[in-house]
Amino acid sequence: MSWLSKVRNSISSLAKRDTPDNLWMKCPSCGEMLFAKDFEANLSVCPNCQHHGRIRTKTRFDLLLDDGYSVLPTPRVPENPLNFRDTKKYPDRLKAARAANPYPDALTNAAGTIDGRKAVLGVQDFAFMGGSMGMAVGEAFVAGVEKAVADNCAYIICTAAGGARMQEGILSLMQMPKTTVATRRLAAAGLPYIVVLTDPTTGGVTASYAMLGDVQIAEPGALIGFAGQRVIQDTIREKLPDGFQRAEYLHAHGMVDMVVHRKDLKGTLATLLGYLERKEVA
């Protein structure tokens, strides 16, 4: 046996140190290798290119609401009303999604304050079946609006969705007019409705409550649209502009009121609530 083989064998016999698989991550935008804990500590924003990563429901609540908020119960709805099955049964998909998520469906509401100003905040989680809009999401949205009306405060929604939930077919599409009517209740009560568009917000969610806010805010770089870019390009047979359907492009063309960095979002919402809250006339 050569000396090289002896050295190689002795090295391989040494005990290997266990290292976590998720210690490092690669920024999907600039490709920079980031220490995962530093990325999370920076609000899941890349310090190199400012790419805004997706964050979960509880993280969003903690980021935007003051301490002491309360998570509202998710309304119960009929499950698998169409007995839908593709490669898996729909109840099995729901069971798997709930096992991987702390909340029972894609939209969860919490009641609290933002810099002392009362608000109800709804958050869609893309990690739950792509944030898809089914009956549970529609009911949760209406419940959030009703809570805001009862508490005489604003309703704020952070959207993130791939669109309607195909396993619920026409019933999922019926949530579009349902949520639209709910936003009119806020308007009738003179209460603010603010939308925070996060990455991605697409499909039927964009075609309904995501574009009906009194103020439309978007996080930097968020994908926002109805149909996919490739579908549009193949339909009109023209090359689309760079950055099409991104937050900055939509802001430049008047579809979004402002693009706000995640670290500034809570302060911006507090300022808007100060402007929009109904004032008592002496």
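How many of the eight residues of strand 5 (residues 117-124) are buried? The structure is a predicted model, in which local features need pLDDT of at least 70, side-chain atom pairs count only at pLDDT 80 or more, and totals for chains, interfaces and linings use all residues. Residues are numbered from 1 along each chain as its sequence is written, and side-chain values use heavy atoms, with hydrogens and water left out. Six of the eight residues of strand 5 are buried, so strand 5 is largely enclosed by the rest of the structure. Buried here means under 20% relative accessible area, exposed means over 50%, and partly exposed lies in between (1.4 Å probe, protein chains only). Helices (H or I, at least four residues) and strands (E, at least two) are DSSP runs numbered from the N terminus.

Two strands are taken to pair if DSSP finds at least two bridges between them. In general, strands of a sheet pair through backbone hydrogen bonds, either parallel or antiparallel.

Strand 4 (residues 107-114) runs antiparallel to strand 5, and eight bridges join the two. Within this pairing, Ala 110 stands opposite Leu 121 of strand 5. The hairpin of strand 4 and strand 5 has two residues between the strands, and Asp 115 takes a positive phi near 50° there. Strand 5 also pairs with strand 6, in the parallel sense and over five bridges. Val 123 has Cys 158 of strand 6 as its bridge partner.

The pairing of strand 6 with strand 7 is parallel and comprises six bridges, with Ile 157 opposite Val 195 of strand 7. Strand 7 is in turn joined to strand 8 by four bridges, again with the strands running parallel; Ile 194 stands opposite Val 215 of strand 8. Nine of the nine residues of strand 7 are buried, so strand 7 is largely enclosed by the rest of the structure. Two bridges connect strand 8 to strand 9, and these strands run parallel. Ile 217 has Met 258 of strand 9 as its bridge partner.

Several backbone features were also found. Most residues other than glycine have a negative phi, and most peptide bonds are trans. The peptide bond from Asp 199 to Pro 200 is cis, with omega near -15°; Pro 200 is located in strand 7 (residues 193-201). Ser 44, although not a glycine, has a positive phi of about 60°. Ser 44 is placed in the loop between helix 2 (36-41) and helix 3 and is buried, at a relative accessible area of 11%. Asn 152, also not a glycine, has a positive phi of about 55°. This residue lies in the loop between helix 5 (135-151) and strand 6 (154-161). Asn 152 is partly exposed, with a relative accessible area of 43%.

Two further loop residues are buried. Ser 208, in the loop between helix 8 (203-206) and strand 8 (215-218), has a relative accessible area of 1% and is buried. The side chain of Ser 208 reaches the backbone oxygen of Gly 204 at 2.7 Å. With contact defined as heavy atoms within 4.5 Å, Ser 208 touches Met 133, Met 176, Thr 179 and Thr 180, residues up to four places away in sequence not being counted. Arg 165 is located in the loop between strand 6 and helix 6 (169-173) and is buried, with a relative accessible area of 1%. Not counting residues up to four places away in sequence, the residues touched by Arg 165 include Tyr 90, Asp 105, Phe 128, Met 133 and Ser 172. Arg 165 and Met 255 are 90 residues apart in sequence and 25 Å apart in space, C-alpha to C-alpha.

Helix 3 (residues 57-64) and helix 11 (residues 265-276) pack at an angle of about 60°, and their axes are 9 Å apart. This makes helix 3 oblique to helix 11. Axes are lines fitted to C-alpha atoms, for helices over the stretch in contact, and angles run from 0 to 180 degrees between N-to-C directions. Angles under 35 degrees count as roughly parallel, over 145 as roughly antiparallel, 65 to 115 as roughly perpendicular and the rest as oblique. Helix 3 contributes Arg 60, Leu 63 and Leu 64 to the contact, and helix 11 contributes Leu 265, Lys 266 and Leu 269.

Methods: Polar contact = N/O pair within 3.5 Å; in protein donor to acceptor, adjacent residues only side chain to side chain.
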